[in-house]
Amino acid sequence: MDIAKIRADFPILTEQVNGRPVIYLDNAATTQKPRSVLAAVDGYYEHTNANVHRAIHTLGERATAAYEASRARVARFIHAPAPETIVFVRNASEALNLVAYAWGSRLRAGDEIVLTPMEHHSNLIPWQLLCKRSGAVLRFIPLRDDGTLDMERAPIGARTKIVSVTHASNVLGTLTPAAELAARAHAAGAIFMLDAAQSVPHMPVDVQALDCDFLAFSGHKVYGPMGIGVLYGKRALLEEMDPFLGGGEMILEVHLDHATWNDVPWKFEAGTPNVGGAVGLAAALDYLDGLGLPAVAAHERELTEAAVNMLDEIPGVTVYGPRGERGALVSFTVEGIHPHDLSQVLDEESVAVRAGHHCCQPLMRQLGVVATARASFACYNTLEEVEALGAAVRKAQSFFGSVPH
Ligand SMILES: *Cc1c(COP(=O)(O)O)cnc(C)c1O
């Protein structure tokens, strides 16, 4: 991969932060957008924009075609069997909520929902709310000390109705055995949902090979616009579910006291959708496929490994999560420096990292920290930027006088 050429595709990477081009290492929170995505969104609004599905005029037909073509593009990207198995939502959070409400309405007291302790709040809170409504209970697959799942103690059994797990932890970088989890869930008569917010941008994901019943991801973490996300669902499940939100578009026939529903997936897309966002997401997936996901994954693996090794060697730095195979991020703390202060000093060195609980408060508690700093990588990052991170961390240590002896 020609990284210089890739970087030229992202206008924001020349943006000055404290006198230098930004060193953007906050890609797990959101990625930057290549010119082709910006152009696709602009082009949509300049040449195509109209509301979709009901218009009997040319622009309306073009907008509908663009929207549905984007759906087909997403289906192809994750190897979904048909465009109709793709529901456009705002983000991964909405996809997870949709399943917890619409599919979850069948759960009863005593039913069990299996998660892990490293789930993003988006894959925890919707299930907590469902437990309140239904009397179902949460069970957790324990984490080993190295940040991997203890599959031998996975509480998947006769009461399990759904196993919903992140594919790649946004804190630890842990990759979970999705296919094995799906098989275990199915053997117990349960369904399997994969939170792929941190995997779809970084590795090939095949919903059929993994045998996911549902899968969620966000457009903005995969070089697409904010405000567009994806729920994949097996068609039979989507068809037997009631709608999540009501309104225009999702109905077939409406009477004052009752209504019937549109076909899948439109049944789940109440109101005017984010057509420009869907078009931008399709352009983002084109861009990523153009680079080649295996090449992107190899590049990011090199950066992540370099970052983990480098941080491991700085006295006073603790790196969290498994060594070896992991997602494209590294969480760490520096002895004597609160992660918020650290990230502020790094920002002065033009290095953008995230500091906080990363929407994983229970995991922070298990790690025994209130927060961590996190550097996360994308296709456009370089080894020089990893080195700049290391230099900035050392500078912060001398600034705070916290260099361990
Ligand atoms: C970011 C993230 C989410 C939520 O994504 P939103 O775009 O904020 O809805 C869910 N799960 C994981 C693992 C994430 O990293």
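**Domains and ligand site of a predicted model**

Biologist: Which domains does the assignment give for the protein chain?
Modeller: The model is a predicted one. The domain assignment divides the protein chain in two. Domain 2 covers 37-290, and domain 1 is made up of 3-27 + 292-400.

Biologist: Where does the ligand sit, and how many residues surround the ligand?
Modeller: The site of the ligand is the largest pocket. Ser-93, Asp-195, Gln-198, Ser-218 and Lys-221 are the closest residues of the shell. In total, the residues surrounding the ligand number 13.

Biologist: How many residues in the shell around the ligand are polar?
Modeller: The shell has two nonpolar residues and two charged residues. The polar class accounts for nine.

Biologist: Which side chain has an N or O atom 2.6 Å from an oxygen atom of the ligand?
Modeller: For the side chain of Lys-221, the distance from an N or O atom to a ligand oxygen is 2.9 Å. For the side chain of Gln-198, the corresponding distance is 2.7 Å. The value of 2.6 Å belongs to the side chain of Ser-93.

Biologist: What percentage of the area exposed by the ligand alone does the protein bury?
Modeller: Taken alone, the ligand exposes 380 Å². Of that area, the protein buries 89%.

Technical notes
Residues are numbered from 1 along each chain as its sequence is written. This is a predicted model: local features need pLDDT of at least 70, side-chain atom pairs count only at pLDDT 80 or more; totals for chains, interfaces and linings use all residues. Side-chain values use heavy atoms; hydrogens and water are left out. A residue is near a molecule or strand if one of its heavy atoms lies within 4 Å of it. A polar contact is a pair of N or O atoms within 3.5 Å; within protein, one must be able to donate a hydrogen and the other to accept it, and residues adjacent in sequence count only if both atoms are side-chain atoms. Accessible areas come from the Shrake-Rupley method with a 1.4 Å probe; for residues, only the protein chains shown count as cover. On a 1 Å grid over the protein atoms alone, a cavity is a set of points where a 1.4 Å probe fits but cannot get out, and a pocket is an open set with protein on both sides within 12 Å along at least five of seven lines; lining residues have an atom within 4 Å of a point. A molecule sits in a cavity or pocket if more than half of its atoms lie within 2 Å of its grid points. Ala, Val, Leu, Ile, Met, Phe, Trp, Tyr, Cys and Pro count as nonpolar, Asp, Glu, Lys and Arg as charged, and the others, Gly among them, as polar. Domain bounds come from an automatic or database domain assignment.
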